[in-house]
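Visitor: I would like to learn to read a fold feature by feature. Could we take the structure below as the working case?

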Amino acid sequence: MAMVGLFWIAEGDVYVGAKPSGLAAGVRLTPEGVVALGDKQSGLWPWEDVHALTVENAPVKSLKRQVGALVDMALTVGLGGGDEAPTMTVRITDVQGADHELTVYTAAATGYSPAEHDLSRDLLAHLTQGAGTLLTTLAAMAEWGRRREGGTPRAADREALLREWLGAGA
């Protein structure tokens, strides 16, 4: 399992945000479409029905955010505060122009780097450019996940992977 930008890749599965467990909300990207997971959201949007795919409210790293996250963590652990993880919104715009909002949990406690955030949003847009692009890109991401041993790669390696995947199917 590894985080690369806004994606969590576990073996051959690709998620936006953190991989959900149990009844937690999440979004999985499959060759068939965008799958909503969790107790309070479900559904499948086939790729041919997806006009746009974006992420909103993704935390982007800044010094202020990092200090705030550390303070929140200290308060949560030290004072028995809530354990609510931060969330993002995945917005699917279908071919009729209707928007569907899904919740996912963030995988980066202190936020995503600006470069990874922007590259990930570009990659989500890239996935909606047609079946060939979609299948090639998702296959490359899934194959990387199946081969990956160990944890999340370093920031420079994550950015390089996102750029590589943006080139897949192009």
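Visitor: In the hairpin of strand 8 and strand 9, which residue takes a positive phi?

Guide: Gly-97 does, with phi near 90°. That hairpin has four residues between the strands. Keep in mind that this is a predicted model.

Visitor: How do strand 8 and strand 9 run, and how many bridges join them?

Guide: Start with the general idea. Strands of a sheet pair through backbone hydrogen bonds, either parallel or antiparallel. Here strand 8 and strand 9 run antiparallel, joined by seven bridges.

Visitor: What is the order of the strands in the open sheet?

Guide: The order is 7-8-9, three strands with antiparallel pairing. Strand 7 (50-56) and strand 9 (99-105) are the edges. Each has a single partner strand, so one side of each lacks a neighbour in the sheet. From one strand to the next, the twist averages 20°.

Visitor: How many bridges join strand 7 to strand 8?

Guide: Six, and the two strands run antiparallel. Strand 8 covers residues 87-94.

Visitor: Which residue in the turn between strand 5 and strand 6 has a positive phi?

Guide: Gly-38, at about 125°. Strand 5 and strand 6 form a hairpin with five residues between them. Their pairing is antiparallel over four bridges, with strand 5 at residues 33-37 and strand 6 at residues 43-46. Opposite Gly-33 you find Pro-46 in strand 6.

Visitor: Where is Asn-57 placed?

Guide: In the loop between strand 7 and helix 1 (63-79). Asn-57 also has a positive phi, about 65°, without being a glycine. Its relative accessibility is 58%, and Asn-57 counts as exposed.

Visitor: On to helices. At what angle do helix 2 and helix 3 pack?

Guide: At about 135°, with the axes 8 Å apart. Helix 2 spans residues 114-127 and helix 3 spans residues 131-147. The two helices are therefore oblique to each other.

Visitor: Which residues make that contact?

Guide: Helix 2 brings Leu-123, His-126 and Leu-127. Helix 3 brings Thr-133, Leu-134, Thr-137, Leu-138 and Met-141. By class, five residues in this contact are nonpolar, three are polar and none is charged.

Visitor: Which residues touch the most other members of the largest nonpolar core?

Guide: Phe-7, Leu-29, Val-34, Trp-47, Leu-53 and Trp-165. The core has 39 residues. Take Val-34 as a worked case. Beyond four places in sequence, its contacts include Leu-29, Trp-47, Leu-53 and Ile-92.

Visitor: Where is Tyr-15 found?

Guide: In strand 3. Tyr-15 is buried, at 6% relative accessible area. Its contacts beyond four places in sequence include Leu-6, Phe-7, Trp-8 and Leu-37. Look also at Val-104: it is 89 residues from Tyr-15 in sequence, but the C-alpha atoms are 9.1 Å apart.

Visitor: Let us finish with the whole chain. How many helices and strands are there?

Guide: Four helices and nine strands. From the N terminus, the elements run β-β-β-β-β-β-β-α-β-β-α-α-α. The chain has 170 residues, of which 41% count as buried. For contacts, consider those between residues at least 6 apart in sequence. Among these, 61% join residues at least 24 apart.

Methods. Residues are numbered from 1 along each chain as its sequence is written. This is a predicted model: local features need pLDDT of at least 70, side-chain atom pairs count only at pLDDT 80 or more; totals for chains, interfaces and linings use all residues. Side-chain values use heavy atoms; hydrogens and water are left out. Two strands pair if DSSP finds at least two bridges between them. Axes are lines fitted to C-alpha atoms, for helices over the stretch in contact, and angles run from 0 to 180 degrees between N-to-C directions. Angles under 35 degrees count as roughly parallel, over 145 as roughly antiparallel, 65 to 115 as roughly perpendicular and the rest as oblique. Contact means heavy atoms within 4.5 Å. Ala, Val, Leu, Ile, Met, Phe, Trp, Tyr, Cys and Pro count as nonpolar, Asp, Glu, Lys and Arg as charged, and the others, Gly among them, as polar. A nonpolar core is a set of buried Ala, Val, Leu, Ile, Met, Phe, Trp, Tyr and Cys residues joined through side-chain atoms within 4.5 Å. Buried means under 20% relative accessible area, exposed over 50%, partly exposed in between (1.4 Å probe, protein chains only).
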